[in-house]
Amino acid sequence: MVIFFLHFMQPFPEKINSYLIFALASVVQFYAGLDFYRSAFGGLKNRIADMNLLVVLGTSAAYFYSTLVLFFPDIFPEKLRQFYFDGAAAIITFVLLGRYLELRARNKASDFMKKLLQLKPQKATVIVDGREVQVSADSLVRGDLVVVRAGEKIPVDGVVVEGEGEVNQQVITGEPIPVLKREGDTVIGGTVLENGYLIIRATKTGRDTLVSQIIALVSQAQEKKPPIGRLADRIVAVFVPAIMVISIVVFDIWYLLDRPDVAFVSAISVLIIACPCALGIATPIAVVSSVGRGAKEGILIKEPSIVEKINGINLMVFDKTGTVTEGKPEVIKKLVYDEKGLEFLYPALKKSNHPVSSAVLKTIPESNKKLERFEIFPGRGFKAVVEGREVVAGSFQFLQENGIKIGSEGQTTAFAVSVDRKVVAVFYLEDRVKPEVKWVFAYLKKKGIKTAILSGDKKEYVERLCRDLGADMCFGQKLPEEKYRLVRSLQKEGYRVAFVGDGVNDAPAMAVSDVGIAVMQATDVAKETGDIILLKKNLKLLIKAITLSEKTLKIIKQNLFWAYFYNVIGIPVAGGILYPITGMVLNPVFAGIAMSVSSVTVVLNALRLQFTRLEDGDDKGDSIG
C-alpha cells in the first residue's frame, strides 16, 4: 500500500520517491517473495514449471527492468523509462494472501488434539492389596481394579465388577440420557459417572482405549485428506513453459529482423502482461469474499478448498443427537390425574440432576413443600418423602416393582409419578427433532443430494426417525470407530460425503468425510475437526452453504476464464503483432496497466459475492439471519 501511495501520489522529490519505492519493493521481492524463488528453483531441479516459476519470472522481469531504469536510465530510450515496482509487489502480496488462506487451517491440528486428550482424566483410583490408591491414569494396566465415584470421569475402557450407577455417554455415543451400568456391563473411558459407585476392571488402557482410537483416527484421516487440485495449477503446468517460449521467440524474431529495441521491449512486455496477477488472485480473492459473506450469514468456512469440495457432495450424513434433534429430552405429552399431587413432586425433582427430571421440572408449577428424604435408584427412578407423603417416580417398571399399578409405557420414554402409592401424573418425553430438519431433508433430496442419519442411539428409534424425515439411509447404535469406517465404506461406494455433527463421537467420521460440518452447539473437538462451522442453530444454513459454494466456484471459473482470455489477447499484442500494421510496440507501462485492469476485473467480479442473494430454499423469503 505504501508503494502504491508513493508511486501514484509522489509526495517527495522524484529521485527520493523513486529510491524509497525501490527500497520497499526490494523487501517485498526478496523477503516476502523468497519462498517463490526457493520453490521455483526447487521445481526446476525436478523439471516442474508451476505457478511459483511464473510469479518469479513475471515479478523479476518487472522488478529488474525497473531497477535498470532507476540506476542506468541512459541505456533506455526516454519513452521506455518506466517503473513497475508496484506491479511486482502487488503480485507477490496477492498470491501470498491466497497461500495464507490455504495453510491457516492446518495449524489448528494441535489444538483439537489437545481437546481430545482432555477427555482423559489425569488421575485414577485403583485398589491395591485391598486399599484405594491414587495413581496417574497413564500408568494403569490391563486387569487393574479402578474405583469411580459420582461426578468422576471413567479413566479406562473396562467391565463393571461391582456397584451400579448412571453413566453419561453422550460425549462418545451421542445418547442424551445417562445409561445404567451394573456388574458385567462395559464402560468407556472419558465418559462420566453421574451418580452411583463403580469398581471397574480395566480391559483397555493407553493407546487401546476408545478415546485414543478416536485421536488416532482423526489424525490419520486428516493426513489422508488430499488437497484439491486447482484448475489454475493444471493450466499453469502448460501456461508457464509456453510463456517462456513465447517471450524467447518474440525476442529472437525481432532481433533477427534487426530491431533489438523492439525485441527487448516486446519480450519484457510479454512477461509483464502474462504475469499471473489476475491468475494468482482469481481463486484466493473469490475465497476471501466467500469466507466474508459466509461469516455474515453465520457460516464459518475454515478450509478454503471446501468451497470447491462441497459443490460435489452427493450424500449428506447427519448425526442424530444435537444435530437433527435438540440434544436433550423434552416433555411432548403429559397426563395429570391429580394437580395437587404435583406439589409433592416439585421439591424431589429439584433435588435430582437427571436430564429427565430437569425436563419434567420445567412443566410443573413451583412448590415450597419440604423435602425430608431422597433416594436415587440409577436407571430406574427415585423415592422421596415430602412432608410425610411418599413420592415414587421413574419408569413404569420401577413403579410396578414398588407395587404401584400402572400400564405399559409404549415407545417413547415415559416418567410416571405416584404420591402415597397413587399415580398422579405421567410425562412422555422425547429428544425433539429441530423444526426445520424435515424441510431441509426434502430440499436436499430435490437438489439430488441423498441424506442419511448415523447415530449411536438405539436402532429402533433411529429407524423411526429416518422414516419420519424421509432419509435415504439409516444407521443406528454406531460407536465412533464404526461411524468412521461407515463413512469410509460409503466413500468407496462412490459417494462424496458431507458429515454434519456436534460431538466428540463424530470427530473421526467428520475428519475422514469429504466435508465436515459442525453445528453451533458442537463440542470444541467437533468444531476444530469440521471444515465448516454453522454459527446459528438453524440447519437451513446448510442450504446457504451449498448455494455459497456453487456461486463461489462459478465466480472462480469466471475469473480464471477472463484471466486466460486476457492473456490470449494481450500476449500477441505485447509480442508486437500490431507493429507491422501500426508501427507501434506495446510499451511495458501499458502492459502493466493492462495487467492491473485484468486484476481489478477479477476483484470486482469476486466482490459480487458480497451482494448476491444466497438461496436458503425458502420461497416465502424466510430469513435465516
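## Charged pairs in a predicted model

Mentor: In this protein, residues 24 or more positions apart account for 66% of the contacts (heavy atoms within 4.5 Å) with a separation of 6 or more. The model is predicted: local features need pLDDT of at least 70, side-chain atom pairs count only at pLDDT 80 or more, and totals for chains, interfaces and linings use all residues. Residues are numbered from 1 along each chain as its sequence is written, and side-chain values use heavy atoms, without hydrogens and water.

Trainee: What makes D35 and R38 a salt bridge?

Mentor: A salt bridge needs a side-chain nitrogen of Lys or Arg within 4 Å of a carboxyl oxygen of Asp or Glu. Here N to O is 3.5 Å, so the pair counts.

Trainee: Why is R38 called exposed, but D35 partly exposed?

Mentor: Buried means under 20% relative accessible area, exposed over 50%, partly exposed in between (1.4 Å probe, protein chains only). R38 has 54%, so R38 is exposed. D35 has 45%, so D35 is partly exposed.

Trainee: Why does D514 have no salt bridge?

Mentor: The nearest side chain of opposite charge, R496, is 4.1 Å away.

Key. Lys and Arg count as positive and Asp and Glu as negative; His and the chain ends are not counted.
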